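Here are some notes to read with the model open beside you. Take the points one at a time and find each residue as you go.

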Amino acid sequence: MSITQYFLENGPLAHHFSGYQPRQPQIDMAEAIDQVVKEGGQCVVEAGTGTGKTFAYLVPALLNDKKVIISTGSKALQEQLYHRDLPELLKALGKGRKVALLKGRANYLCTYRLNEHVAHVPSDDPDVMHQLAMVAKFATETQSGDLADCVGIEEDAKVLPYVNSTADNCLGKDCPDFADCYIRKARLKATEADLVVINHHLFFADMSVKESGFAELMPTADTYIFDEAHQLGEIASDYFGESISTKQLQALINDLRLIYRSDIPDMLQLGKTLNKLETSVADLRLVFGGDGARGDWREKLQDKVICDALHRVISNLDFLYQVLKLCLDRSDKIEHPLERVLSFKGQLDRAFDVTQSGFSYWFETTRRFLTIHITPLDVSNRFKDMMAKSEASFVFTSATLSVDNSLAHFNASLGLAPDHQAIVDSPFDYESQAMLCLPRYLPETKDEMMPHALVKIAKQVINAAQGRTFLLFTSYRVMHLVYEGLSTATEYPVFMQGQASKRIILEQFVRHGNAVLMGTASFWEGVDVRGDTLSCVLIDKLPFTSPDDPLLQARMKDAQLQDKEPFDEIQLPLAVIALKQGVGRLIRDKTDKGVLIICDNRLVTRKYGETFIKSLPPMSRTRDLDKALSFLENIDQHEI
């Protein structure tokens, strides 16, 4: 049976899935991927929402007797593929292929670290103690050790650093629990599987650093398929670069303090040295001020106060190294942290060398931590070399790869030379299903009256849509200002990012049915709300990266040196793809209807506005807000 026959109206998919209808774009995409899986090469496909791209790559992946690794951009899609799509598809195809799910090590329970911290509770924080008890109970029940299955433990839970392992603190084969290690078991299962579902972070972590203790964490494959491939360039930059954070240093201090208390409590000098290092690490963060920020690391190295604070950390690390050498014969747990101390000291020493070209040297601070980054500006050659060495075939797909109907920017960013490439349009009837409104009489985006204008429009939109609205923002500041003006001015509940985890906020929004959700970057993609729960998406402005972002500045300077136009080559493509992601939240099904409102005059007043408009789905358009409100009011709830 040819690959096409599986997708026809009398084929296995139609027999198994009720309501399944053949879609020519999906068949075309499956045929192209099938050819690349069989014969090798590279395939790049932008598949508009509703194409059915998941089945278009899963069917060829399962039908060919090749080892396939599928990489996703989010844990949510990873879980959906493994737990929902693959089991059903295997039934439909009648294939007995082995599949496995493999995540990064931070997602798995480390029984050794859990037991150590239960015996010596690491904190008097009641949250940590309560969560530690929950994880200890989970440890007696779990087969996989996947902490996502531990009820009540969210992705940002305080207890996680105490119950999982990192590449820095994993003991590898020296661990007393090595035989029962969940990461090891997951990796063995992946090695034996025909198809493995991973995520982009794990792919690059494995490519850039073969983790000690396990050699490579991920098996090699005949074919790699990247879904949500638009994220690859940014993630590759992180992994092909280098970073050092005060969070890593604090984790080292916590691990050594545990060894000190449990194994060598009489080694008082170690306790004092750890306290001194902890103080200097905290002081280093404090010299950067209270607010979170990003900036040019080269500029910060001109500041004597910052250099002195950094030298104190290096000096204290050096002293800690001397003390740990004295402890080597007292505890067999010291050797691994000793190597980490040397590694961190080397990284901090390298942070003073900012002379290498082709890299951006930048820093970012959060409320608690500082991270120093050395990031390559161009990863295309590294990625191209990696593909050549692997001798595998590669498939790249996403709903958002093209800019102005061209895949050239995406291909160049990763050094691709695809044997097959296509932009597959969505089967949705956007002209009748959706309306794009660019309201008139708006202030300029930087005008201090803009948040007031957004509140005014949002009130009207929310009332017309009876809640059922996403408000997507490019900054936390504006989001909070609009929330203050909106939360008490509408009868519908307003859920804002930061009030709870992303998953919980989405669940509350969907469960209520007539609610408002406000979010920034993380809600622009990977969020799938179908049907009459969502009828309007309002976007505050075009998602250009902040012009003072140090990584953007470095990339733009680099483009200038190559006689390229920085705005056209760097800023515009990134913003177009980000906008397409946000817009993609609105119409998720052929029966969905809704209105997209973009509150940015530049779509009309600037020449580049045409590039944005041409990159969006072909919705009916208006500049009259009343027409958009009327469209919302007339959406027949029973038809959706």
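The points below go from confidence in the model to strands, rings, helices and loops.

1. First, some ground rules. This is a predicted model, in which local features need pLDDT of at least 70 and side-chain atom pairs count only at pLDDT 80 or more, while totals for chains, interfaces and linings use all residues. Residues are numbered from 1 along each chain as its sequence is written, and side-chain values use heavy atoms, with hydrogens and water left out.

2. How confident is the predictor? The score to look at is pLDDT, the predictor's confidence in each residue, from 0 to 100. Its mean over the protein chain is 91, and 98% of the residues reach 70 or more. Over residues 210–215, however, the pLDDT is below 50, and this stretch has 14 contacts in the model beyond near neighbours in sequence (a contact means heavy atoms within 4.5 Å). Where pLDDT is low, the predicted coordinates should not be read in detail.

3. Now find strand 5, residues 223–226. Helices (H or I, at least four residues) and strands (E, at least two) are DSSP runs, numbered from the N terminus. T223 and I225 point one way from strand 5, Y224 and F226 point the other way, and all are buried. For these notes, buried means under 20% relative accessible area, exposed over 50%, and partly exposed in between (1.4 Å probe, protein chains only).

4. Which strands pair with strand 5? Two strands pair if DSSP finds at least two bridges between them. Strand 2 (residues 68–72) pairs with strand 5 in the parallel sense over four bridges, and I69 stands opposite Y224. Strand 10 also runs parallel to strand 5, joined to it by four bridges; here Y224 stands opposite F394.

5. Next, the rings. Rings of Phe, Tyr and Trp (its six-membered ring) pair if their centres lie within 6.5 Å; planes under 30 degrees apart count as stacked, over 60 as edge-to-face and the rest as tilted. The structure holds 22 aromatic pairs. One of them is the stacked pair of F226 and F394, at 6.3 Å centre to centre with 5 degrees between the planes. This pair links strand 5 to strand 10, with its two residues 168 apart in the chain. Both F226 and F394 are buried.

6. Compare that with F288 and F363, a tilted pair at 5.1 Å centre to centre and 50 degrees between the planes. F288 is in the loop between helix 12 (268–286) and strand 7 (293–296), while F363 is in strand 8 (residues 359–365), 75 residues apart. F288 is buried because its relative accessible area is 14%, and F363 is buried with 5%.

7. Do look at helix 14 (residues 304–327) too. Its 24 residues reach 35 Å from the first C-alpha to the last, close to the 34 Å expected at 1.5 Å a residue (the expected span is 1.5 Å times one less than the number of residues).

8. Finally, check two loop residues. E391, in the loop between helix 16 (380–390) and strand 10 (393–398), has a positive phi of about 60 degrees although it is not a glycine. Y441, in the loop between strand 12 (434–437) and helix 19 (450–465), has a positive phi near 60 degrees and is not a glycine either. Are they buried or exposed? E391 is exposed because its relative accessible area is 73%, and Y441 is exposed at 81%.
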